[in-house]
Each structure stands twice: as structure tokens, then as C-alpha cells.
Amino acid sequence: MALQRATSMLRSWLPVALLSAFALVLLGRLVQLQVLRHDEFAEAARSELDGSMVVYARRGSILDRNGNVLAMSVDTWDVYVRKDAWSGPTGTDHSAALATLLRISPVDLRTALEQSPSLNVRVATDVAFDLGKRVQAAEITGVTLTPNSARTYPEGDLAAGILGLIGADNVGLAGLEVAYNTVLQGTPGRAFFERDTTGEPIPFGRFVADEPEPGKDLVLTIDRRLQRMAEAALKGAIQKHRAAGGALIMMDPRTGEILALASSPTLAYSTLDLSNPEQLNLLRNPVVSDLYEPGSVMKTITAAAAIDKGVVTPGTSYYDSGSIDVYGVTIKNWDDQVYGYQTMTGVLQHSINTGSVFMVRALGQPDFHRYLDAFGFGQPTRIDMPGEAAGIIRTPAQPGYSPLDVLTQSFGQSISVTPLQVMAAYAAVINGGNLLTPHLVRAIAGPGGDYVEIKPEVVGHPITPRTSATVREMLHAVVEPGDYYYPGKPRDYTAGGKSGTANVPIPNGYDETQIASFIGFAPADDPEILILVKLDRNADLLTGTQAASPVFASLANQALHYLGVEPDDVRFVGSR
Amino acid sequence: MVSIPHPLRGVARPFERPAGPVRTGRWVAAGVAIIGVGAMLPVLQKSTLTSRGFLLQQHQAEQARLTSEIHLLEADVARLTSQERLERRAHQIGLIPAEDPLYIDVSVPGPEPAKIPAEFLPPREPTVEDPAPWWRSLLSLLPLPR
């Protein structure tokens, strides 16, 4: 009886115990899933349901000073194919349909798919917007399009060396595109949303979006007409004088605005091939990053310093014997001529080396170097272009300095400068003594209509306005000497300027090649443009006066007519 | 003792019809209808929201397409007004670059600017006169000297 009761008890309690144990296991599992690992599974659920995507901001345009478009972005598509969707027997039809639309070979398309290790293969990049819409409308199985954008240049290769370029990720790689990348690029947005099984946002599901902020437009100081004139003039001069390259800069000396900037060799979108290592050099602009010895162009700076210090005047005279012996070295004139008694104006007119040495000796090394520093040599001009070089000036503080260096620096040797430094220093010489920061961007225009102008920045006053007026007159006398013809005289305008011809330095000396340059301004009494023409290694070995100054004369004449500047010196056909 | 309600003498009272079940049925029907409508309303709302959501997505896609096309048209305008294209067109119609400009110094004033024909002028805005106050009309009734 007792045994029977015990068996009955066991029969009734055993299921209870088993069920209780099972319930406990379930409970434990529930606690594990819903309490202990809650965060992990909640996150997994969210990741299944939540989608997000980057909403790209439209890159700003680059305009010239008159609002003409130099670079802008247009919407394009990247075309992707999902490989497994084309693995069946209909894959050939799909590839043929897509290849026809994209105008590519179906065989090439299929080969690209087979060779790619990815499941989703990008088969075309930057497909035109209209074409992309047609591909979308065709609804080809396995084909998806993602929006992209491409840079377009309505003026072709014009100013490519200034504008630079962007990479596949729409980030600036060179030129203004990289210098102003953060301004142009804007701020990409990001959208978070609940998605359906196809990955598309669920309408009226949870949706949080940071709206993208479009990039701002850059309004340059460059004038497209002047840029075209400058590029054509430089190209013509390089061909005529069989030069290896060159540079041409046009600036408003009153504001530091660069009106045109051409260099050769330079970046060209039409022939760009970044797989060619030689073309990678074109990503830097030689006008800001390459150094050269300026030669006699430097005599103007020496004269300005000596006159400003009061150690000479334009009429101070000395005797030129054709050479000077100093520190065991003979310094000769560039043309081996003897000019006899000469004024300081005559020194600039005939570009006499001994006259320049006379001025720097009167000034003294410490003051000369102080003036070079005040004119901005040996330091970047802080132009808004990447990769600017600072230049090199040998000073007593540097190892290897010789007292001879300061004498040769007075006529542009033993000193390395960038073309832009020469421009900035000359602008200060002729504009009343204000050293300005050269700049390429005039304003930044936001999509909401905000317009921030970039004002001229005066960074120093190396000389007085009186010295500036005096040196301007001396440079005018160079271009318009009165008793002989000078090829750098613009036909319809008064002008001033100075040429330079310097051998190219090599270790322990100079080679036989040269750099011929001329820097000039017009009109003479109230300069509106300052132009530097520089020809590298011109094979005809003509001097700066012979090769570069005529380019200045012609270009200054054209540019001032275009700018509507009233001619100083024209033939009037009628007067009443 | 139980008080039995007694009908008024001499007044014939009709038999009361069993109205209870009918009245209850109406209320139930009305309740069911209200509940039904109430139940259907969120469904209809949800349906409308969903269809509007899709419509909104379509409009957003359309807006994006139109924005892209505007950018393309801007690029077209820039290309068509590029210097190279303008020069090519100028050559096509026989224009050549100006050379050797001549300057004339004229001391007499130039002619008056040509008058624009009235048809091209902007329409003149009608002048709205202030209405006379109401009491001024009363003055005419008075025998005042004119």
C-alpha cells in the first residue's frame, strides 16, 4: 500500500519537476536573452531595421571675377552589377542590354565581371545623368546605379594650373581645389531611417537626417579674358624663343589681385594622365613652388632700398669702369661694356652690375638684408595656393656665407625667389610702398546668397610713398628712355619696368642656359597692371629685354584696352 | 400591501408594444458602426499615410531629378558662353578681332538718348485717390455759397 502511494506520488511529482525544470531553463534563457544580452540583441535588431546613407553635398563652383564659370559639378551615376544576378542563362541578355546602353563591348563587360573578386562590380563611373536615367528605366536585372558627381570645365584647359583638380572621392588634389577644399566641398549629410526588406526607407517610418550643406562658390580674381590672353602670349613666346617653359603673371598692384596666371608646362585636363609619373609634376604650380635667380630684375629692389635709406638719389653718379675687383673676384657688367659716369637711373636703364654693387655698398649688408626681408624675400607670400616655396637668401648667419654674396645679390645672383615674390615686391615698389598678399580668390559666395569679399591685405610698408614714386619714375625711364627705342614700351600707354637675364645655377657655378624675364607696369603714373614674363632656357639666348619685354608690351596694351583704361599715348584721329 | 398602478378611468390606453429589443438593436448597430468606423479609421489613415508617403518619395525623387537637370542646364549655359565657343561662332559669322583702335576726342555733347516707345515702357501704376470722408457729402445739403 505504502509502495503504491509512493509510486503514485512519484508519478504526479515527476512531471511537475520536469516541467518546472524546463520552465526554469526557459526562464533562465529568457533572462539571458532579454536582460543579460539585451543590449547586444537590441543592437542587432536595430541594425536589421535601421538603414543609413551618406547624402553628398554638391561641390561649389569656381567662377572668374565676372561670374563666368570655370569649374562646376554636375550629377552623374556609377553603374554597379551584381554578379550572381547574371549567373543564369539570361545573363548574356542582361549584359548585352547594359552594354548597348553604355556603349561598351558586352565581352569587355563580362570579362570585367569575371575578373572582379567583388560581388557588386562597378562597371562604369561618372555616367552622364540622362544616360543613367535611361539605364534605370530599362530595369535590367542586377544593375544598380548610385549617384555621383563629376567636375566639368566649360572653358576647357583655361587656368587648369590654377584651378587644379579633384580625385575620384571628390576631394581636391591640386590647385585651388585643394587649397579651398573645405569651402568647396561643403558638409555631407547623413540620413538614418527604418528600412523595408528591399533596403528602401519605410515611408513615415523613423527618419532622422542631417541635411547636407552644399559647398560654397569661389569667385576668383582671375579674369577669363585676361587669362586667355596671358596663356596665348606665353605659349607664343615659348614657341618663338624655343624656351623649355615659362611663366606669366598679371596682377593689380593696388590690391594684390592676380588677374591672370599662366605657366608652362602646366596641367591640362584634355591631356591629363595621372598614371604617367611625369604628369604628377604638373600638379604643383611652378609660379608658387619653383625657385629661380631673378637676375637684374633685382636691381630695382636694391635701388629702392638705397633711395629709401637715403644713401643715393636717382641723380647720384659714379664712374663705371666695366668691372670691380672685390674679395679676389672680378665682377663684370653683363655685356662687358664700360658706361663711364652714370646716374642711378642710368644704372637701371643699362642694367649695370657695378652700379648695383655701388648702391649696395653704400647701403651696407645689414640694411640690405633688412630691406629684402621687408620686401618679403625669403618667406612665402601666403598666396592662397598650396605648395608655396619660401625662397633662399644667403645671410651672414648661414654657413658658407661670403661677403661677396651680398654684392651679387644686389643684381639678382646668390638669391633664389619665386616669380610671385618678385611680383609682390614690385607691387610694393610702385604702389606707394604697400606690401600686399597676392591672392586668387576675390570672394566666397554661399548657396544662401551670402557673399564674403576678401579684402586686400597689407602686410608691410618696406619703403615710403615718396621712394615709391621716385623708383616708379626711374623704371619709367627704363622703358621710355627718350633717346633710343625700347621694345618693352606698350604702344598706347606709358609704362615702366626692368628686365633680367640670369644663368641657371648648378652646383659650384652656372650652366650655359638662362632665364630671360621682364617685369613691367602700366600706365606709368598710376599703374593698373603689373606683368611678369619669364622664359626658361630660351634656346635663342636673347636677353630679357629682347625676348620678354615685347611680350609685356603687347599684352599690357591689349589688357589695358580690354580693361577700358584710357590710353596715355594714342593717335587721335579727330578733335573738336 | 402592494400598490397596483391603476389606469385612469375613462381613458383608453393602448397596449404597449414590446419596444425594448428594437431599441437595443439600434444602439447595438450604432455602437457596432461606431466601433467599426473607429476601427477602420486608423486603417484608412495608415493607408492614406502610406500612399502619401510613397507619393512624397516620388516627389522627392522628382525634385532631385529636376535639381540635377538644372545643374546640367547651368553647365550647358556655361559651355555655350565659353570663350572658345564664342570665338568659333564669331568666326562663323565673319567677325575678326579688333585691331589698331582709333580714338576720337569729341568735345561736344553726344545726342540725347533715344526715347523708348511707350509700348515698351512698364505700365504706369494706377494712382489710388483717398476716398472723401462720408460727412463731406452732407455739406452739399447745406445752403453754403459755392
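## A nonpolar surface patch on chain B

B:Leu144 is placed in the segment that comes after helix H3 (134-139) of chain B, in a model that is predicted. Together with B:Trp134, B:Trp135, B:Leu138, B:Leu139, B:Leu141 and B:Leu142, B:Leu144 forms a nonpolar patch on the surface, and the accessible area of these residues taken together is about 800 Å².

The size of an interface is often given as the accessible area lost when the parts come together. For chain B and chain A that area is about 2,500 Å², of which 58% lies on carbon and sulfur atoms. Within the share that chain B buries against chain A, 28% of the area is supplied by B:His71, B:Gln83 and B:Tyr103, which is more than any other three residues give. The contact draws on 29 residues from chain B and on 29 residues from chain A.

Between the two chains the count of salt bridges is one, and it is B:Glu87 and A:Arg228 whose side chains meet in a salt bridge, with an N to O distance of 3.0 Å. Polar contacts between chain B and chain A amount to six residue pairs, counted where both residues have pLDDT 80 or more.

On the side of chain B that touches chain A, at least two residues each come from helix H1 (20-80), helix H2 (83-92) and strand E1 (103-105) of chain B. The element that gives the most to this side is H1(B), with 15 residues. Sorted by class, the side of chain B that touches chain A consists of eleven nonpolar, nine polar and nine charged residues.

## Salt bridges in the structure

Over all chains, the structure holds 20 salt bridges. One salt bridge joins the side chains of A:Arg122 and A:Asp78, at 3.7 Å from N to O. This pair links distant parts of the chain, since A:Arg122 belongs to strand E4 (residues 120-128) of chain A and A:Asp78 to strand E3 (residues 69-82) of chain A, 44 residues apart.

## Backbone features of chain A

Strand E4 of chain A also contains A:Asp126, a residue that has a positive phi of about 50° although it is not a glycine.

Cis peptide bonds occur at two prolines of chain A that are described here. From A:Ser264 to A:Pro265 the peptide bond is cis, with omega near 0°, and A:Pro265 is found in the loop between strand E12 (257-264) and helix H10 (277-280) of chain A. A:Ala522 and A:Pro523 are likewise joined by a cis peptide bond, with omega about -15°; A:Pro523 sits in the loop between strand E24 (509-522) and strand E25 (529-536) of chain A.

Definitions and conventions
Residues numbered from 1 in each chain as written. Chains lettered and ligands numbered in written order. Predicted model: local features only at pLDDT ≥ 70, side-chain atom pairs only at ≥ 80, totals over all residues. Heavy atoms only, no water. Contact = heavy atoms within 4.5 Å. Buried area = accessible area lost by both parts, 1.4 Å probe. Salt bridge = Lys/Arg side-chain N within 4 Å of Asp/Glu carboxyl O. Polar contact = N/O pair within 3.5 Å; in protein donor to acceptor, adjacent residues only side chain to side chain. Helix = DSSP H or I, 4+ residues; strand = E, 2+ residues; numbered from the N terminus. Nonpolar A, V, L, I, M, F, W, Y, C, P; charged D, E, K, R; others polar. Patch = residues over 30% accessible without salt bridge, like charges linked within 9 Å, V, L, I, M, F, W, Y side chains within 5 Å. Areas by Shrake-Rupley, 256 points an atom, 1.4 Å probe, with all protein chains shown as cover.
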